[in-house]
Amino acid sequence: MAFLEAIDKNLIVVPMTARNGKEAVEELVDLYADQNSLSSKERDEIVSLVMERESLGSTAMENGIAIPHAKIDGLKKASVVIGISRLPIDFGGEKPSSIFFLVLAPADNPAEHIQILSSIAKAASSSLFVRMLASSKTRDDVYQLFFD
């Protein structure tokens, strides 16, 4: 599955309400859990896996983007949850982050996980694209940046 195939308009939140890194992860996972009718236990497990990964080293990038991610046992297909925060959030990088890509991928397909992370990093290398994402006002605006 390619990066664009993992994007779902219903998994985009603009603006985020989180004020810190853990809240950002929780807000993105909550959206994923709601859209996929997950139990609170499943939701908590995903938050735990993402935070465990973050404890190994921040996934914040220098351009205000963070890519928290986790490989999930039993997950059928990869998903990307996108969040845009109006207030930059300290996510452990050199600069605060305002654009978040939560990547949840099947544990049994590490190549797909790496391909999606690589595609996000490539998109994030365009300062124009990053500025356009950061200035998005709605989920439709974000979605159109990827599909127009």
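Strand E1 (7-13), helix H1 (21-35) and helix H2 (40-56) each contribute at least two residues to the lining of the largest pocket. The model is a predicted one. The largest pocket has a volume of about 370 Å³, and 21 residues line it. The structure also holds six aromatic pairs and four salt bridges.

**Largest pocket**

- Closest to the centre of the largest pocket, among its 21 lining residues, are Tyr32, Asn36, Leu38, Ile46 and Leu75.
- Helix H2 gives the largest share of the lining, namely four residues.
- Sorted by class, the lining consists of 10 nonpolar, seven charged and four polar residues.
- Rolling a probe the size of a water molecule over the atoms shows where empty space is left.

- Leu11 is placed in strand E1.
- With a relative accessible area of 4%, Leu11 is buried, because the cut-off for buried is under 20%.
- Leaving aside residues up to four places away in sequence, Leu11 touches Leu31, Tyr32, Gln35, Ser79, Val80, Val81 and Ile82.
- One of these contacts, Tyr32, is also among the residues closest to the centre of the largest pocket.
- From Leu11 to Leu38 the separation is 27 residues in sequence and 14 Å in space, C-alpha to C-alpha.

**Aromatic pairs**

- Six aromatic pairs are present in the structure.
- In the pair of Phe101 and Phe146, the ring centres are 6.3 Å apart and the planes stand at 85°, so the pair is edge-to-face; the cut-off for that class is over 60 degrees.
- Phe101 belongs to strand E5 (residues 97-106) and Phe146 to helix H5 (residues 139-147), so their pairing ties together parts that are 45 residues apart in sequence.
- Phe101 counts as buried at 2% relative accessibility, and Phe146 counts as buried at 11%.
- A cluster linked by ring pairs takes in Phe3, Phe101, Phe129 and Phe146.

- Side chains of opposite charge can pair when their charged atoms come close.
- Asp140 and Lys9 meet through their side chains in a salt bridge with an N to O distance of 3.0 Å.
- Asp140 is partly exposed, its relative accessible area being 37%.
- Lys9 is likewise partly exposed, with a relative accessible area of 32%.

- The side chains of Lys22 and Glu26 form a salt bridge at 2.7 Å, N to O.
- Lys22 and Glu26 are four residues apart in helix H1, so about one helical turn separates them.
- Lys22 has a relative accessible area of 42% and is partly exposed.

**Salt-bridge network**

- Asp44 and Arg43 meet in a salt bridge between their side chains, at 2.9 Å from N to O.
- The two partners are Asp44, partly exposed at 40% relative accessibility, and Arg43, buried with a relative accessible area of 17%.
- Salt bridges link Asp30, Arg43 and Asp44 in a network.

How values were computed: Residues are numbered from 1 along each chain as its sequence is written. This is a predicted model: local features need pLDDT of at least 70, side-chain atom pairs count only at pLDDT 80 or more; totals for chains, interfaces and linings use all residues. Side-chain values use heavy atoms; hydrogens and water are left out. On a 1 Å grid over the protein atoms alone, a cavity is a set of points where a 1.4 Å probe fits but cannot get out, and a pocket is an open set with protein on both sides within 12 Å along at least five of seven lines; lining residues have an atom within 4 Å of a point. Grid points are joined across faces, edges and corners, and a volume is the space filled by probe spheres set on the points. Ala, Val, Leu, Ile, Met, Phe, Trp, Tyr, Cys and Pro count as nonpolar, Asp, Glu, Lys and Arg as charged, and the others, Gly among them, as polar. Rings of Phe, Tyr and Trp (its six-membered ring) pair if their centres lie within 6.5 Å; planes under 30 degrees apart count as stacked, over 60 as edge-to-face and the rest as tilted. Buried means under 20% relative accessible area, exposed over 50%, partly exposed in between (1.4 Å probe, protein chains only). Contact means heavy atoms within 4.5 Å.
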